[in-house]
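I opened this notebook to record what I looked up in the structure. The entries follow below.

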Amino acid sequence: MDPSFRPSREQLSALLAISRLLTSSVDLPSLLKLIVTSVTELLECEASSLFLIDATGEQLILSVVTGPVGGEIKELRIDVGEGIAGWVAKNRKSLIVNDAKHDPRFSPAVDKATGFQTRSILAVPLMDHGQIVGVLEILNTAKAKQFDQSDVDLLSAFGSYASVALRNAGLLATMREESQILKGSADERYRTLIVESPRMHEVVDTLRRAARSNSTVLLLGESGVGKEILARSVHNWSPRASKPFVAVNCVALSDQLLESELFGHEKGAFTGAHQQKKGLLEVAQGGTIFLDEIGDMKPNLQAKWLRVLQDREFDRVGGTQPIRVDVRVIAATNQDLKEAIKDGRFRKDLFFRLNVVTVTTPPLRERRDDIPALARFFVGRYAKDMKRPHVSIDPKAIEALRQYDWPGNVRELANVIERAVVLASRDVISVDDLTLEAMEPNARPTEELMDLPFHKSVEHFKRMRLQTAIAKTRGSKTKAAQALQLQPTYLSRLCKQMGIS
Ligand SMILES: Nc1ncnc2c1ncn2[C@@H]1O[C@H](COP(=O)(O)OP(=O)(O)OP(=O)(O)O)[C@@H](O)[C@H]1O
């Protein structure tokens with residue numbers, strides 16, 4: 001999105017409302033629908049369609065369209081580079097074509113599938129952490145309206161919300177797509193591990209040694225300290241590196257879904273189980289399975305995991321034949337498992353099975369020597385993502401980061417830097433570009449929000465709603481989620497992303 005884009009008041013409040021709507025939708029199909037219907041309304045166009053990039057990154061799948069044929073599109077895949085959407089995906093640039101029939105990039109294949117007769121079209125890329133995830137198109141068929149730069153700006157702003165909402169809802173879809181899971185180990189965000197402080201060197205030394213064996217590893221530490229990146233590193237250092245790494249978040253899914261995702265199911269095991277399906281454990285065969293937030297696993301599943309850890313075998317849901325697996329298990333939690341055992345929430349025998357190589361990653365405030373290197377690393381990453389290659393950070397800003405307490409740890413630091421890279425008006429990020437105070441409950445009046453730059457205002461607003469709701473319920477995220485009409489798991493994810501502890 002063009003950083004100089006200043007939406008009108010009406011556009012800003014429409015975008016805020018849409019952002020709320022999109023972030024409160026938790027399942028992928030309804031989110032997709034919501035995206036195309038709200039963008040059609042916001043941009044006052046006749047129709048819109050959304051393509052998502054497939055697991056190979058080489059094709060776009062037409063995922064949803066508005067208009068008369070909305071519900072019943074035939075599956076359509078186009079190559080990256082083909083047609084308008086393909087051009088946008090390939091070049092990662094928005095494109096206006098006001099006379100589609102005479103533009104050589106236009107391909108009639110999409111019109112055929114959607115039933116549209118496209119006259120003018122505007123398409124923008126949907127990006128997430130520097131990677132293209134899809135293309136959003138709006139179009140007119142009968143109307144003679146020409147799209148212009150103001151439409152590009154508004155659609156791009158909308159697109160950045162849509163990408164975040166897709167990232168949030170994508171978790172489930174990702175878990176269902178085996179190829180995506182396998183690709184997960186190459187995820188950009190987890191490729192480089194920064195280690196500077198003596199305490200992190202100790203952690204890494206222990207884990208490197210453990211990586212050579214098949215021992216179960218238990219990673220403890222506050223949210224956002226880097227447990228998942230360490231788990232992926234253990235996998236990469238181990239002899240299993242060429243095999244899959246499968247990450248499973250134990251709180252993101254309902255009990256029943258988590259069980260069938262993990263263990264798979266036989267045909268007819270429950271309503272909707274039309275065919276046999278492999279579970280993630282089988283997908284991880286020969287590799288590593290990472291159980292994130294294991295402290296939140298329900299007792300019934302804990303018992304099944306105990307069997308996997310003891311005997312390396314399990315049954316599919318509805319199955320009678322035990323299946324043997326060869327997987328290395330890494331588990332992580334930010335909970336005090338000993339407390340959880342005392343409260344009867346966690347099985348003691350499972351804890352003993354997990355507690356083989358146990359490593360606690362210290363919070364960022366206890367290893368401040370990591371902060372400068374991490375900050376520079378994130379500046380480089382986001383500068384590349386935002387196509388601002390000359391952005392750097394002032395030593396005084398680094399010092400301010402060193403002094404801060406980081407309740408949300410490395411994730412919070414990454415968020416602060418991302419915001420600074422997006423919003424900084426000059427090429428050197430200064431102390432003023434860091435929104436460290438934003439961690440305080442913030443009650444800026446709406447009027448004041450309207451005067452902030454676009455990204456800042458939306459983020460302040462979201463943060464304010466979350467913090468106020470959590471404060472009102474004296475820290476109960478479940479009650480706060482109820483008050484905000486969000487799923488508790490989704491609220492937890494939002495808090496995590498924004499570094500709200
Ligand atoms: N040492 C590090 N070097 C580079 N990036 C890091 C490092 N530590 C954490 N990060 C980045 O910070 C973000 C948060 O880290 P990660 O997801 O591993 O934390 P976590 O402890 O698993 O969090 P949670 O408990 O909330 O799941 C990720 O984007 C990760 O890539």
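In what order do the six strands of the open sheet lie? I noted the order β3-β2-β1-β6-β5-β4, with antiparallel pairing. Strands pair if DSSP finds at least two bridges between them. Strands (E, at least two residues) and helices (H or I, at least four) are DSSP runs, numbered from the N terminus.

The model is predicted: local features need pLDDT of at least 70 and side-chain atom pairs count only at pLDDT 80 or more, while totals for chains, interfaces and linings use all residues. Residues are numbered from 1 along each chain as its sequence is written.

I then looked up the edges of the sheet, which are β3 (77–79) and β4 (95–97), each pairing on one side only. Three bridges join β2 (residues 59–65) to β3. I found that L60 has I78 of β3 as its bridge partner.

Next I turned to the ligand. I recorded 20 residues around the ligand, the closest being I194, G226, K227, E228 and V410; a residue is near if its C-beta atom, placed from the backbone, lies within 6 Å. Helices α8 (227–237) and α16 (409–423) each give two or more residues to this shell. Domain 2 (193–269 + 276–360) and domain 3 (366–433) both contribute to the shell, so the ligand lies between them. The domain bounds come from an automatic or database domain assignment.
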